[in-house]
Amino acid sequence: MNQNYKTELQFGLLTGLFSFLWLLGEYFLGLHSKYIDYQPVITNFALIIPIIIFPLGIKAKRKLDYNGHITFWQALQAGMVMSVIWGALSVMGVFIYYKTINPGWYDFVIAHYKAVGPSRGMNAKEAEEYAKMYFSMKSYMSQALFGSIAAGGFISLIAARLLRTKTKY
């Protein structure tokens with residue numbers, strides 16, 4: 001069993017870095033202020049990052065660590081390690097972003113949801129309570145960690161199935 005995690009570390013770090021750059025891009029394009037109504041949809045496109053990077057990481061793992069042959073389980077393990085690394089970096093990225101780059105985000109988004117709540121079938125108080133629960137550092141850090149691991153796991157399952165080396169019997 002190969003315990004060298006250098007490849008997973010490299011591609012997990014790459015996924016975390018590009019995900020943080022995506023977050024900064026959203027900020028600089030105004031999706032965290034002027035165009036906030038588009039942010040919930042646009043942010044989902046960030047999944048293209050691990051969709052591209054994870055298969056590349058598994059291919060690199062297959063080539064560099066397994067001499068061109070990788071089983072489903074080896075590929076899945078590599079993807080899950082990348083997912084955990086991505087999740088840890090995402091938590092750090094959320095903390096850095098919302099503490100230093102955009103510390104007013106939570107107050108802004110809560111006020112926004114309070115204002116648009118009635119148009120979405122909630123009164124202002126209900127919208128504010130929901131927003132305070134959903135838009136908090138604790139909530140965002142949990143979403144960053146568990147969302148990255150879950151999405152990375154799903155992507156890894158598909159990539160492992162497609163990239164495994166089929167053995168001849």
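Helices here are DSSP runs of H or I with at least four residues, and strands are runs of E with at least two. With that noted, I counted seven helices and zero strands in the protein chain of this predicted model.

**Entry: overall layout.** I read the order of elements from the N terminus and got α-α-α-α-α-α-α. I then checked the extent: the C-alpha trace spans about 65 × 30 × 25 Å along its principal axes. Of the 169 residues, 41% count as buried. The chain exposes about 10100 Å², and carbon and sulfur atoms supply 68% of that area. I also looked at contacts with a separation of 6 or more, and residues 24 or more positions apart account for 78% of them.

**Entry: helix α1.** I moved on to α1, residues 6-28, which has 23 residues. From its first C-alpha to its last it reaches 33 Å, close to the 33 Å expected at 1.5 Å a residue. Which residues of α1 are buried? I found Phe 11, Leu 23 and Leu 24 among them, and the list also includes Glu 8 and Glu 26. The buried residues of α1 pack against α2, α3 and α4 (72-101).

**Entry: a nonpolar patch.** On the surface I noted a nonpolar patch formed by Tyr 35, Tyr 38, Val 41, Ile 42 and Phe 45. Together they have about 510 Å² of accessible area. I placed Phe 45 in the loop between α2 (39-42) and α3 (48-65). Why does Phe 45 count as exposed? Its relative accessibility is 51%, and exposed means over 50%.

Methods. Residues are numbered from 1 along each chain as its sequence is written. This is a predicted model: local features need pLDDT of at least 70, side-chain atom pairs count only at pLDDT 80 or more; totals for chains, interfaces and linings use all residues. Side-chain values use heavy atoms; hydrogens and water are left out. Patches are made of residues with over 30% relative accessible area and no salt bridge: like charges are joined within 9 Å, nonpolar side chains (Val, Leu, Ile, Met, Phe, Trp, Tyr) within 5 Å. Accessible areas come from the Shrake-Rupley method with a 1.4 Å probe; for residues, only the protein chains shown count as cover. A salt bridge is a side-chain nitrogen of Lys or Arg within 4 Å of a carboxyl oxygen of Asp or Glu. Buried means under 20% relative accessible area, exposed over 50%, partly exposed in between (1.4 Å probe, protein chains only). The expected span of a helix is 1.5 Å times one less than its number of residues. Contact means heavy atoms within 4.5 Å.
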